[in-house]
Amino acid sequence: MTTPALLPLSGRRIPTLSPGASSFTHHRATLRLSEKFILLLILSAFITLCFGAFFFLPDNSKHKRFDLGLEDVLIPHIDSPKEGKHGSGQVIIHGQGGHDENRHREEEESLRNKIRADHERALQEAKEKLRKSRKEVKAEIQTEKAKIIEDLKKKEAGPKPLPPVPMPKVVGVSDGEPPEADAKEKRDKIREMMKHAWDSYRQYGWGHNELKPLAKKGHSTNIFGNSQLGATIVDALDTLYIMGLHEEFKDGQEWIEQNLDFSVVFKVKAVQLAEKLIPAFNTPTGIPWAMVNLKSGVGRNWGWASAGSSILAEFGTLHMEFVHLTYLTGNPVYYQKVMHIRKLLAKMDRPNGLYPNYLNPRTGRWGQHHTSLGGLGDSFYEYLLKAWLMSDKTDTEARKTYDDAIEAIERHLIRKSNGGLTFIGEWKNGHLERKMGHLACFAGGMFALGADGSPDDKAGHYLQLGAEIAHTCHESYDRTVLKLGPEAFKFDSGLEAVAVRQNEKYYILRPEVIETYWYMWRFTHDPKYRQWGWEAAQAIDKYCRVSGGFSGVKDVYSSNPTYDDVQQSFFLAETLKYLYLLFSSDDLMPFESWVFNTEAHPLPVLHLGNITLPGSEPAQR
């Protein structure tokens with residue numbers, strides 16, 4: 001607690017001195033100083049409550065307690081004691097054994113002493129305030145006001161210009177017309193579907209995050225924090241550009257420039273947003289919160305996520321974007337934040353070599369032991385591989401981490417059904433659940449993409465594994481009435497690649513199966529992948545298209561399905577983009593120059609050579 005932090009509160013409440021009002025003003029100034037003292041005490045008590053609760057709530061004995069040995073990676077960047085920080089900047093990690101218990105008791109006593117000292121210091125500051133004259137208090141207030149005005153002027157001056165950086169060579173971002181006439185015809189149809197989705201959003205949902213195509217109005221959900229950020233516009237822009245829909249692209253570009261304001265040309269907006277996200281990393285471990293208030297910087301996690309844990313697929317899916325931001329801005333903080341996450345995870349004990357989906361950002365302990373290559377885990381593994389690719393294959397640490405993780409996944413999660421279908425199950429508390437989610441179908445493409453560079457000459461093995469996953473996911477589509485895949489499908493009790501529960505029979509315009517078809521087409525040119533992709537495109541156009549756009553359906557096994565009335569932003573960003581690329585030539589977005597992030601937004605391969613990113617170690621091949 002420092003004096004400046006309290007002054008703005010007083011400054012807003014103490015009336016300005018004016019002629020003829022000295023008596024009234026003196027009384028109010030004295031009263032406000034008393035209120036300040038009370039607030040100080042309340043705040044002090046609140047800190048004690050929060051800080052004490054963090055350490056003295058009962059421990060859950062069902063979860064194994066790991067001694068992480070993270071002293072060198074826990075970062076001393078939290079100023080508030082309620083976040084669990086020592087005076088030395090080290091976070092308490094509960095260990096095992098008598099020695100650890102003694103150390104824990106000593107640390108608790110040390111913390112109690114620190115809290116007492118903080119209280120005494122706060123009380124002393126309050127007493128010093130009370131001793132000051134009205135004139136001294138007024139002078140402090142005026143100083144603080146002047147500082148605030150100066151800060152506001154700096155903000156109004158606009159964002160700090162970004163340093164010039166050598167931009168990667170832009171290769172293959174347009175055209176890509178296929179030589180085959182039938183492929184060109186199908187590609188034109190995909191472009192028409194994109195135009196229908198965009199025009200509908202433009203007419204009925206402009207500026208909203210998504211569209212309700214039956215109600216013909218905007219749609220927002222809490223996944224976007226209930227804010228109107230124009231998510232569909234942001235998600236669709238590169239798809240529009242790649243498809244040559246330049247007028248539509250220009251409309252979206254202008255909306256972003258005029259309306260997408262995070263504090264107050266795209267690169268500046270990206271940096272503004274990144275700065276708003278940085279406070280999410282202000283946790284004792286440096287593992288970010290799932291959500292952050294863009295205005296206040298306060299972060300939190302989903303309540304359902306294993307006692308408020310952070311989710312592997314969320315905090316593990318930042319690397320590509322943050323590394324690129326460091327490249328663009330010269331600011332090492334983005335790179336350092338994501339590298340810290342990687343370093344921390346490397347120190348942790350992993351049950352059976354697997355990464356659980358939940359990690360507590362306060363304690364650094366795993367939550368529920370649930371591992372999945374579908375929802376909650378998927379893109380963490382994807383980004384390990386793609387970090388290596390985006391670095392022009394110089395980030396060998398990322399590649400090694402990916403290879404080790406995939407080896408454990410093959411050992412514990414990947415099985416073959418009685419009918420010969422290869423599937424990826426989910427590991428829950430030591431047991432394999434024989435169920436595969438639609439989200440996990442992306443892995444076929446990932447295995448193919450990572451085949452080149454695999455250890456022990458396993459390139460052929462992983463390309464084959466990708467083909468087997470693609471076949472299984474195609475079966476999940478082919479065994480439905482609508483020829484669209486369910487959200488999840490089982491492999492037991494005589495049922496294979498079929499959804500059992502009603503709440504798993506829906507299709508919400510997801511892209512993962514088509515994504516895998518595209519990757520498999522690029523690496524094999526087997527015509528079946530284009531055929532499968534076209535089957536999916538026809539089914540989407542037949543069963544999901546409505547006059548106001550495209551909608552998900554609630555039951556893919558019903559010949560008369562009901563709509564969910566949501567046109568997801570990822571339908572424009574991913575599903576239609578992957579379909580368009582599937583029927584384009586390989587020189588459109590070539591893999592040698594581009595890496596697609598988990599939302600199908602292309603980032604350039606950084607051919608860095610011996611160049612070192614700010615804050616990083618020199619690249620090693």
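1. Because the model is predicted, local features need pLDDT of at least 70 and side-chain atom pairs count only at pLDDT 80 or more, whereas totals for chains, interfaces and linings use all residues. Residues are numbered from 1 along each chain as its sequence is written, and side-chain values use heavy atoms, with hydrogens and water left out.

2. Aromatic pairs are taken between rings of Phe, Tyr and Trp (its six-membered ring) whose centres lie within 6.5 Å, with planes under 30 degrees apart called stacked, over 60 edge-to-face and the rest tilted. By this rule the count comes to 26 aromatic pairs. One of them joins Trp302 and Trp304, whose ring centres are 6.2 Å apart and whose planes stand at 20°, so the pair is stacked. With buried meaning under 20% relative accessible area, exposed over 50% and partly exposed in between (1.4 Å probe, protein chains only), Trp302 is buried at 17%, while Trp304 is exposed at 53%.

3. The rings of Tyr477 and Tyr507 have centres 6.3 Å apart and planes at 75°, so this pair is edge-to-face. Helices (H or I, at least four residues) and strands (E, at least two) are DSSP runs, numbered from the N terminus. Tyr477 belongs to helix 15 (residues 459–478) and Tyr507 to the loop between strand 14 (495–498) and helix 16 (512–524), so the pair ties together parts that are 30 residues apart in sequence. Tyr477 is buried at 4% relative accessibility, and Tyr507 is likewise buried, at 1%.

4. Ring pairs also link Trp518, Tyr519, Phe523, Tyr578, Phe591 and Phe596 into a cluster. A charge is said to sit over a ring if NZ of Lys or CZ of Arg is within 6 Å of the ring centre and within 35 degrees of the ring normal. Arg522 lies over the face of Phe591, at 5.1 Å from the ring centre, and the charged end of Arg399 sits over the ring of Trp388, 4.6 Å from its centre.

5. For salt bridges, the criterion is a side-chain nitrogen of Lys or Arg within 4 Å of a carboxyl oxygen of Asp or Glu, and a search of the whole structure finds 28. One of these joins Lys184 and Asp188 at 3.3 Å, N to O; both residues lie in helix 5 (residues 181–204), four residues apart, about one turn of the helix. Lys184 is partly exposed at 30% relative accessible area, as is Asp188 at 29%.

6. Glu192 forms a salt bridge with Arg545, with the closest N and O atoms 2.7 Å apart; Glu192 is partly exposed at 32% and Arg545 is partly exposed at 24%. The side chains of Asp238 and Lys577 meet in a salt bridge at 2.8 Å, N to O, and here Asp238 and Lys577 are both buried. Elsewhere, Lys428, Glu433, Lys435, Lys490 and Glu504 are linked in a network of salt bridges.

7. Two strands are taken to pair if DSSP finds at least two bridges between them. An open sheet of three strands has the order 7-10-11, with antiparallel pairing, and its edge strands, each pairing on one side only, are strand 7 (370–371) and strand 11 (431–433). Strand 7 pairs with strand 10 (residues 426–428) in the antiparallel sense over two bridges, and Thr371 stands opposite Trp427 in strand 10.
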